[in-house]
Amino acid sequence: MKTEKPIYIPLENVDSEHCALIVDKSLADVKEISSHKVELNNHSAIITAAKYPEEAVQAAVKQIRDLGYDVTSIKQTFPVTNMSCASCAANTEATLNNQVGVVKAEVNYANTSAKVEYIPSLVTAQELKEAVQTAGYDLLIGDSNEAKESLANIKANQYQALRKRAIGALILAAPLFVIGMFFMEMPYANYIMWALATPMVLIYGRQFFAGAWKQAKHRSANMDTLVAVSTGTAYIYSVLITLFPDFMHRMGIHSHVYFEAAGIVIAFILLGKLLEEKAKSNTSSAIKKLIGLQPKHVTIVHNNGHQLEIAIGTVKVGDVILVKPGERIAVDGLVVEGSSYVDESMISGEPIPVSKNEGSTVFAGTINQKGSFQFKAEKVGSDTILAHIIKMVEDAQGSKAPVQKLVDKIAAVFVPVVMGIAILSLLLWVIFGGENGFSQGIVAFVTVLVIACPCALGLATPTAIMVGVGKGAEKGILIKDAESLELAKKVNAIILDKTGTITEGKPKVTAIEWFGEFREKHQHILYSIEKSSEHPLADAITAHLKDNSKFLKNITIENISGQGIEGKYEESTYIIGNELLAKERNIEISVAAKNWVEQQLATAQTVVLFCNDQKALAAIAIADQIKATSQQAINQLHQNNIAVYMLTGDNEQTAKAVAKQLDIDEYRANVLPAEKASFVKQLQQKGKTVAMVGDGINDSTALAQADVSIAMGKGSDIAMEIAKMTIISSDLAKIPEAIQLSKNTVQAIKQNLFWAIIYNIIGIPITAGILFPINGFLLDPMWAGAAMALSSVSVVANSLRLKYKV
């Protein structure tokens, strides 16, 4: 793997000589890189690695990102085929990570997918596919509907083929079991069992031998290797006993045949794989439900009123779609005619239908209740909120929890270690087993290989994560990755933004007071500045003023983060913001203005000042209703021993009134965005595991700093992009549910890992013969096969229990 070829890593954000120098100096500390150079003209870092270039690329990317710069990369999820156990997933993951240009690859055995981040200028999806194929597996590339249908067909065909093999093997297993256990001495018993076992091993079990041979060619091993070596050994040994009994007797081997063990092990393992696949498909039922929410056809309405039914895939932005009672809405859009109530529970988790009138937004996957209406398509295909939810759930189900890293390390060495234990067992039996040592050693060898189960280990974590993430999606809680789901149970401090999180986020103006002489021009300026702002309070003010104001075009504005907004009109400067901003600008606030402001603040209202560069011209009182479920949610958090903090950019009096009403442990008022992040850091330094809940751009820094970040679904896109969880309905009561879901999921993971590990720790020594000197017990291989099949199924079944927990 030696190379002296330069590798070009495309850089982002490195837009000055100073930035390039920082990156250049930093790369000098990366030991995997033998030489490097950073070029600003083509925005790339050129590195050379004496050996292991893939490690050099990964180390360089990490170093660059640690500095705050970035590397142009693509993140994709690919289905992986031909994997039979957790060791296969480990092998595939190692193969992908060993490709130059792959920044990070994670392979999930439970949903047979690979999440890969790679640099497209260094490696392509096709090259990744070819690399995986050389390792004995395959990667399906392509995001088209045809590719997805092809994958579904492949999985369906594989399941049907597995089902046929399992049924065929079980039919033959019944007479083989009866003869092997009760009629061993009947005439020609060995030949009859040979006839029954041969198709079971060589036809129904051929997938294990083909897989083992493929692994052997690549100097690797997996569960197929264990099954093939164990059943193959038992089968060949039995054939030799049957054909050459006198010769084997002279060799000192006195034993009956193990055809029943070889055949029935294959039957039990095929049955176990069948049940496992069936159970695994149930873990992703949430995805299937979400995908099933979108109708196949829609009725579009042309300008002349003509209606035409078309396929969902041909809908374009701007098309007007008719929705009749009981129909599912196909894409996101805006109601243009008619009214109705729409059931949005499948997306938001809220059971109460939502009223929809002209101008209301509707979402793909929701169900129209009674009336008919027409809406204009605004987001179609992969841009709809339903498509985003499906993508987020798929990504989260494919992500790995931190505990999985240890499991992956165990899985990677599991098969070689088991092979070693099996060989050692055989040798010890031959040396110390006496007259029947070799035959009993063969039994121990076969049984150790059969009972060892890397599948249970490989399924323990991802199946629980898949079910947990799916359960969250059904409840309207979108979880971005497994790490946040695992970490949420540890949260002992939660920080809430006020507006849009605790309150409805739909503020309304209750009063406007003008100080001094009222001038209509000032009202137009106030309206025009707020019309250009994106702040929720600005929407309330413009809604209140719109009927009596006109928009002035030549106004320029500048946001003052966390404090307000500044506007310029005809060479005059105006600000709209809190009292703190006015004081910073040395703006005069009259006694009458102060008295009016204090009266409004005493009733827990928010007050915004409108000032020119000399004095306060007006004050606007705004009320934002506290959500009906906020009190209940905070009470539940307290019952879970979680301290609740409120941070708001609002004034002291309003913040104090809300905190007192809701029994919030501690609050901060007039907080700037940077101060929110700083407060999160302070709590973390005290040893707290902090969750931050917010909905606005001003919360994004604190969300990024928090251990667990939660965005409200009706907030800004930036907040939802940064947050690791999103509450679609913006209902605060969903947060205790998310924490409980985390506890249930982590508990299931621990149970799964405990039983998977204990199963192997106890099962392997017993099958090796550790109890034989004590009580003469040596487990029959076919019962070991049944136990091995049961272990995987029990792990998946335990994960599925999460579906039925609150």
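In the predicted model, the side chain of Ser 709 reaches the backbone nitrogen of Lys 724 at 2.9 Å. Ser 709 belongs to strand 29, which spans residues 708-712. Its relative accessibility is 3%, and because burial is defined as under 20%, Ser 709 counts as buried. When neighbours within four places in sequence are set aside, the contacts of Ser 709 comprise Met 692, Leu 703, Ile 722, Ala 723, Lys 724 and Met 725.

The chain as a whole contains 30 helices and 30 strands. Its C-alpha atoms fill a box of roughly 120 × 65 × 55 Å along the principal axes. Of its 806 residues, 52% count as buried. Among contacts with a separation of 6 or more, 69% are accounted for by residues 24 or more positions apart.

In soluble globular proteins, nonpolar side chains tend to be buried together. The largest nonpolar core of the chain holds 144 residues, of which Leu 96, Val 116, Leu 128, Ile 494, Ile 502, Leu 732 and Ile 735 touch the most other members. For Leu 128, contacts beyond four places in sequence are formed with Phe 78, Leu 96, Gln 99, Val 102, Val 116, Tyr 118, Val 123 and Leu 139. Another core, of 24 residues, lies apart from the largest one and includes Ile 9, Val 14, Val 23 and Ala 45.

The accessible surface of the chain amounts to about 36800 Å², and 55% of this area belongs to carbon and sulfur atoms. The chain carries 74 positive and 79 negative side chains, with the centres of the two sets 5 Å apart.

Terms used
Residues are numbered from 1 along each chain as its sequence is written. This is a predicted model: local features need pLDDT of at least 70, side-chain atom pairs count only at pLDDT 80 or more; totals for chains, interfaces and linings use all residues. Side-chain values use heavy atoms; hydrogens and water are left out. Helices (H or I, at least four residues) and strands (E, at least two) are DSSP runs, numbered from the N terminus. Buried means under 20% relative accessible area, exposed over 50%, partly exposed in between (1.4 Å probe, protein chains only). Contact means heavy atoms within 4.5 Å. Accessible areas come from the Shrake-Rupley method with a 1.4 Å probe; for residues, only the protein chains shown count as cover. Lys and Arg count as positive and Asp and Glu as negative; His and the chain ends are not counted. The place of a charge is taken as NZ of Lys, CZ of Arg, CG of Asp or CD of Glu. A nonpolar core is a set of buried Ala, Val, Leu, Ile, Met, Phe, Trp, Tyr and Cys residues joined through side-chain atoms within 4.5 Å. A polar contact is a pair of N or O atoms within 3.5 Å; within protein, one must be able to donate a hydrogen and the other to accept it, and residues adjacent in sequence count only if both atoms are side-chain atoms.
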